[in-house]
Amino acid sequence: PMQPAVSPTVSVVLPARNAEATIDAAVESVRAQTFEDFELLAIDDGSTDETRARLERHSRDDARVRVLSTGGVGLVGALQLGLAQARGPLLARMDADDVSRPERFARSVERLTADPSLAGVGTGVDIVRHDQPPSPALLSYGRWLSSLTTPERLFADRLIESPLCHPSVMLRRDALERCGGWRDGDFPEDWELWLRLLERGERLVCLPEVLHTWTDHDRRLTRTDT
C-alpha cells in the first residue's frame with residue numbers, strides 16, 4: 001500500500017455514521033485521486049453497522065487512510081476531531097455518501113497554490129438523488145454555485161444561500177484554525193463557517209468545474225427546500 005508522507009499536503013476529513021451502503025464508493029473516489037499526497041482521516045461517528053469494518057479494510061489496503069472514532073458526537077464534533085488530527089496544510093472535506101471526480105484535489109490544490117490570497121475553494125457539483133430526481137430548487141442551487149467564480153462575486157452573494165458546497169471544499173488549515181473551525185448551533189454549520197471566514201476578510205471561491213457528485217436525500221439539512 002502507498003505510504004503517506006509524514007506531513008501530507010492535504011488532510012481529508014470524512015465523517016461517517018451508519019454509511020455502509022455508500023462509504024466504499026466515497027473512500028474509493030478519494031483513493032483514486034490523481035493528486036496522491038494526502039491522508040484520509042475517516043471518522044467513524046458512532047456507527048452501529050458495517051461502516052467501521054469497511055473503513056478498517058481501506059486502512060489495511062492503503063496506508064494513507066487513518067480511521068478515527070468519536071463514539072458518536074455528531075457532525076461538528078467529528079469535523080473538529082479531524083481538524084485537530086490533520087497534519088496537512090490543506091484540509092479537504094468529504095461526505096460518506098458523495099463521490100469526487102479524480103481531478104478534484106489536483107484542481108483545488110492548483111488554484112490554492114496559484115492564489116495565496118484564497119483561504120479556500122469549493123467546486124461545481126453534480127446533484128443526484130437515489131429515490132427521485134433532485135428538486136428544481138436544488139438543481140438551480142447547483143448552477144448558482146458554479147457561477148461564484150470570483151471571490152468578489154461569492155462575497156456579494158454570500159447571504160443568498162450557502163455559497164460553497166461543504167463536501168466539495170478544500171480550505172487552508174491555518175485559516176480554519178484562526179477562526180476556530182466549525183461551530184455547533186441552531187444554524188447550518190457550513191454556511192455559518194463561510195460567513196465567519198468572510199467576515200474576517202478571508203477570500204473563498206468556487207471552481208466552476210463539476211468535480212464532485214453531491215447526494216441529496218431527505219435527511220440533508222438543506223436550505224433550498226424549506
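Three aromatic pairs are counted in this predicted model, where rings of Phe, Tyr and Trp (its six-membered ring) pair if their centres lie within 6.5 Å, with planes under 30 degrees apart taken as stacked, over 60 as edge-to-face and the rest as tilted. One of them joins F38 and F105 edge-to-face, at 5.8 Å centre to centre and 80° between the planes. F38 belongs to strand β2 (residues 38-44) and F105 to helix α4 (residues 104-114), 67 residues apart, so the pair links distant parts of the chain; helices (H or I, at least four residues) and strands (E, at least two) are DSSP runs numbered from the N terminus.

**Rings and their surroundings**
- F38 counts as buried because its relative accessibility is 1%, where buried means under 20% relative accessible area, exposed over 50% and partly exposed in between (1.4 Å probe, protein chains only).
- F105 is likewise buried, at 0% relative accessibility.
- Y141, W144 and W214 are linked into a cluster by ring pairs.
- R158 lies over the face of F155, 3.9 Å from the ring centre; a charge sits over a ring if NZ of Lys or CZ of Arg is within 6 Å of the ring centre and within 35 degrees of the ring normal.

**Confidence**
- The chain averages a pLDDT (the predictor's confidence in each residue, from 0 to 100) of 91, and 93% of the residues score at least 70.
- Confidence is highest in α4, at a mean of 98, and lowest in helix α3 (residues 75-85), at 88.
- Residues 219-226 stay under 50 in pLDDT, and the model has 18 contacts (heavy atoms within 4.5 Å) for them beyond four places in sequence.

**Basis**
- Local features need pLDDT of at least 70 and side-chain atom pairs count only at pLDDT 80 or more, while totals for chains, interfaces and linings use all residues.
- Residues are numbered from 1 along each chain as its sequence is written, and side-chain values use heavy atoms, leaving out hydrogens and water.
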